[in-house]
Amino acid sequence: MSNSIFEIKKIFKSLKKYSQVTIAMENTGRYNWYIYEALKDFSYTVFVINPLHLKRSQGLVRGKNDKIDSERIADFASKNQESLKSWKPDSESIEKVRFLFSERNSKVKLRASLLKQQSNYKLMQSKLAEELLKMNKEEISLLEKHIAILEKDIENVIASHQDLKKKSELLKSVPGIGKVLCWMMLIKTGNFEEITEPRKLACYSGVVPFDHQSGTSIRYKPKLSFYADKSLKSILHMAAMSAIRLENDLREYYLRKVAEGKNKMLVLNNVRNKIIHRAFAVINKQKPYEKNYINNLVTS
């Protein structure tokens with residue numbers, strides 16, 4: 001049986017004989033897409049489980065194969081179905097943006113890998129190294145062209161959808177939010193329809209510190225969660241660094257807190273958090289960011 005949408009639909013059709021069907025799967029990125037496409041024609045209850053959440057829930061385990069993994073996913077879904085959020089298909093536009101962005105990211109990672117190789121070739125100082133370096137530069141040049149095309153495609157999809165276009169303009173009005181963070185926020189929040197609260201996105205991206213305490217005597221400083229979307233956190237960090245270099249209230253906040261003796265990384269993390277809250281504020285208010293009325297949008 002081929003791994004195609006048509007064949008997957010045949011499997012789902014065969015399940016209609018049952019009165020109630022629940023489908024659970026791990027979130028494996030692009031490898032889920034054929035299943036997502038097939039599921040659009042059915043009304044089954046679907047859970048897409050974070051692999052880390054699944055792994056952490058199993059405790060000490062031995063052995064691994066497809067059958068064992070399936071049993072573990074089914075067991076997890078059965079025990080946690082009341083707390084799990086059922087999957088719903090994204091809009092066609094968001095799905096296109098998600099797909100194009102994923103392809104862009106894979107090429108960006110490949111470009112970064114090729115750039116690292118250049119230093120090794122330069123150290124070799126031989127005819128072979130010169131040839132390899134030339135090939136390397138040609139590959140990077142081609143990748144950069146492909147990345148530019150994909151980015152333009154993403155912008156075209158957003159521009160062709162009135163709601164996405166409006167939200168994109170609103171998000172980019174916030175200091176620090178450029179095109180990449182804008183795209184990521186639209187994707188990760190499902191066009192701000194799946195994640196509707198700033199704190200949830202802040203937790204998801206790992207910028208909210210959590211208390212660490214044992215009993216009444218052992219207390220530690222609040223720490224950021226290790227289990228976060230590291231790609232989003234990285235882009236948020238760059239957004240915060242960009243924001244504090246520009247003339248805006250986030251820079252003023254950063255300089256004021258650092259002057260008060262606060263740890264720079266702590267303050268920078270607060271800036272990341274504020275960027276997220278401002279993003280949700282402009283979306284909810286449907287007004288672009290303006291320093292003069294920021295207090296009407298979010299609490300400082």
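**Close-up 1. Aromatic pairs, with Phe-42 and Tyr-44 as a stacked example.** Searching the whole of this predicted model turns up seven aromatic pairs. In one of them, the ring centres of Phe-42 and Tyr-44 lie 5.5 Å apart and the planes meet at 10 degrees; planes under 30 degrees apart count as stacked, so this pair is stacked. Phe-42 and Tyr-44 are both buried. Together with Phe-12, these residues make up one aromatic cluster.

**Close-up 2. A charge over a ring: Lys-274 and Tyr-253.** Look for the charged end of the Lys-274 side chain, which sits over the ring of Tyr-253. The distance from that charged end to the ring centre is 4.6 Å.

**Close-up 3. Strands β1 and β2 side by side in a parallel pair.** Five bridges join strand β1 (residues 22-26) to strand β2 (residues 45-49), and the pairing is parallel. To pick out one of the bridges, find Glu-26 and then its partner in β2, Ile-49. Between the strands, the chain passes from β1 through helix α2 (residues 33-39) to β2. Which hand does this β-α-β crossover have? The crossover is right-handed.

Conventions. Residues are numbered from 1 along each chain as its sequence is written. This is a predicted model: local features need pLDDT of at least 70, side-chain atom pairs count only at pLDDT 80 or more; totals for chains, interfaces and linings use all residues. Side-chain values use heavy atoms; hydrogens and water are left out. Rings of Phe, Tyr and Trp (its six-membered ring) pair if their centres lie within 6.5 Å; planes under 30 degrees apart count as stacked, over 60 as edge-to-face and the rest as tilted. Buried means under 20% relative accessible area, exposed over 50%, partly exposed in between (1.4 Å probe, protein chains only). A charge sits over a ring if NZ of Lys or CZ of Arg is within 6 Å of the ring centre and within 35 degrees of the ring normal. Two strands pair if DSSP finds at least two bridges between them. Helices (H or I, at least four residues) and strands (E, at least two) are DSSP runs, numbered from the N terminus. A crossover is right-handed if, with the strands pointing away from the viewer, the path from the first strand over the helix to the second runs clockwise.
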